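Q: Please take a close look at a single part of this model. I would like one connected account of it and of the elements around it.

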Amino acid sequence: MILGIDVGGTTVKFGIVSPEGEITHIKDFNTHHWAEEGFVDALKAAIAGYLEELPGIKGVGIGWPGLLSVDRRTVILLPNIPSVVNLPVVDMLEQAFPQLTIRIENDAKCAALGELYFGGDKELDNFILVAMGTGVGSGVIINKKIFLGARGNGTEIGHMLSREGKTVEQHLGLNQIIEFTRKKLELDKSNTSILHGHEITPKEVYEAAKKGDELALSVWEHVGTILGENLVSVIRVLDLNTILLGGGVAGAFEFIAPAAKKVLLNRLPAYYTDTLTIRKAVLTNKVGLLGAAGLLMSEEVFQ
C-alpha cells in the first residue's frame with residue numbers, strides 16, 4: 001500500500017492509493033494549524049497514525065507547493081509554510097520511519113504524474129499540464145518521465161513574464177481573474193452583463209459565459225489569449241504540442257481553450273500545430289494524491 005500526501009495552502013490531504021488509482025482512507029488536516037504546531041512533527045504524527053491503522057503501508061509520496069533540492073530531499077522554497085524551508089524533510093521522515101520508502105516532489109509535477117499514470121491514456125508520453133487555480137503551476141512529462149530542469153525546479157511557467165511586466169500568474173491566478181472581471185464591470189457602461197450585482201467568482205463568470213454573456217465571454221477570451229501567448233514560448237523551448245489544462249479555473253475549458261489555440265495557430269508553424277492537442281485534464285481534486293503516490297509507481301513497493 002502507498003500513502004499519498006498532497007500538501008496544500010489550506011489543507012494537507014492523505015489517502016491510500018492502489019496501483020489502479022483507487023483512493024481510500026482519505027483524511028484532511030488544516031495546513032495553518034500544522035504550520036503553527038510544527039509542520040514536520042504533525043506530518044510524522046499523521047503518518048504514524050496511518051501505520052498504526054494500516055501496517056501494510058510500504059511507501060509515502062508527498063507533493064509540496066514549492067521548490068525542492070535537486071536530490072529531492074529538502075524543501076528550499078515554500079511561501080505558505082516557511083518553517084519547513086531548508087529542513088531535510090526526507091532525512092527526518094526516514095529516520096522516523098526507516099521501514100518506509102519516502103519520495104517528495106513539487107505538487108504540479110505530481111499532478112502531471114497523476115495524469116500520466118492514472119489518466120487512462122496509455123499513449124500520453126509527452127505533455128505539459130497547466131494547473132490553473134489560486135496560482136498557475138505546471139508539470140512536464142517527456143518520454144514518460146518528469147522533466148525537472150538543470151537544478152530540479154524547471155517549468156515554473158506561472159512565473160514567466162507576460163504583459164505589462166507581470167507574470168502569467170499575476171494575470172491568470174484565480175484572484176487576478178476576479179479582479180479583471182470587476183474592472184470590466186466598472187467600465188461596462190451598457191450595464192447589460194448579468195454579472196452586475198453578483199459576487200464575482202470564476203464559477204459565476206463561467207455560468208454567465210454559458211448563457212452567452214458578452215462580458216463574461218470576453219474575460220475567458222482574455223484568459224485564453226494570455227495563456228496561449230505563454231504557451232507559444234513553452235512549446236518552442238520544450239518541443240511539446242500536447243497541453244492539458246487542469247485546476248479549478250480550467251472548469252471554463254470550453255471558453256479558454258479556443259482562445260489559447262487561436263494564438264498558437266497564429267504564432268506557430270505547422271510543425272507544431274498539425275498535431276496540436278489542447279484538452280482538459282482527466283483527473284480533478286484527487287490528482288494531487290494520485291500524483292504523490294505515482295512517485296513510487298516504478299518502485300517495488302507499488303508492485
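A: The largest pocket has a volume of about 1,400 Å³. A pocket is an open set of points on a 1 Å grid over the protein atoms alone, where a 1.4 Å probe fits, with protein on both sides within 12 Å along at least five of seven lines; lining residues have an atom within 4 Å of a point. The volume is the space filled by probe spheres set on the points, which are joined across faces, edges and corners. The model is predicted, so that local features need pLDDT of at least 70 and side-chain atom pairs pLDDT 80 or more, whereas totals for chains, interfaces and linings use all residues. Residues are numbered from 1 along each chain as its sequence is written, and side-chain values use heavy atoms, without hydrogens or water.

The lining of the largest pocket comprises 45 residues, and Pro65, Asp107, Ala131, Thr134 and Gly135 lie nearest its centre. By class, this lining has 18 nonpolar, 20 polar and seven charged residues (Ala, Val, Leu, Ile, Met, Phe, Trp, Tyr, Cys and Pro count as nonpolar, Asp, Glu, Lys and Arg as charged, the others as polar). At least two lining residues come from each of β1 (2–7), β2 (11–17), α4, β8 (127–132), β9 (136–142), β11 (242–246) and α11 (DSSP runs: helices H or I of at least four residues, strands E of at least two). Helix α4 gives the most, with four residues.

The second largest pocket has a volume of about 310 Å³. It is lined by 16 residues, of which Arg103, Glu105, Leu113, Ile146 and Leu295 are the closest to its centre. Here β7 (101–106) supplies the largest share, four residues, while α4 and β10 (145–146) each supply at least two. The classes are seven nonpolar, two polar and seven charged.

Helix α4 (107–118) also meets α11 (287–294): Cys110, Ala111, Leu113, Gly114, Tyr117 and Phe118 in α4 contact Val287, Leu290, Gly291, Ala292 and Gly294 in α11 (heavy atoms within 4.5 Å). These residues divide into eight nonpolar, three polar and no charged.

Strands β8, β9, β10 and β11 belong to an open sheet of five strands with mixed pairing, in the order β10-β9-β8-β11-β12 (strands pair if DSSP finds at least two bridges). Strands β10 and β12 (277–280) each have a single partner, so one side of each is left without a neighbour in the sheet. Strands β9 and β10 run antiparallel and are joined by two bridges; Ile141 has Ile146 of β10 as its bridge partner.
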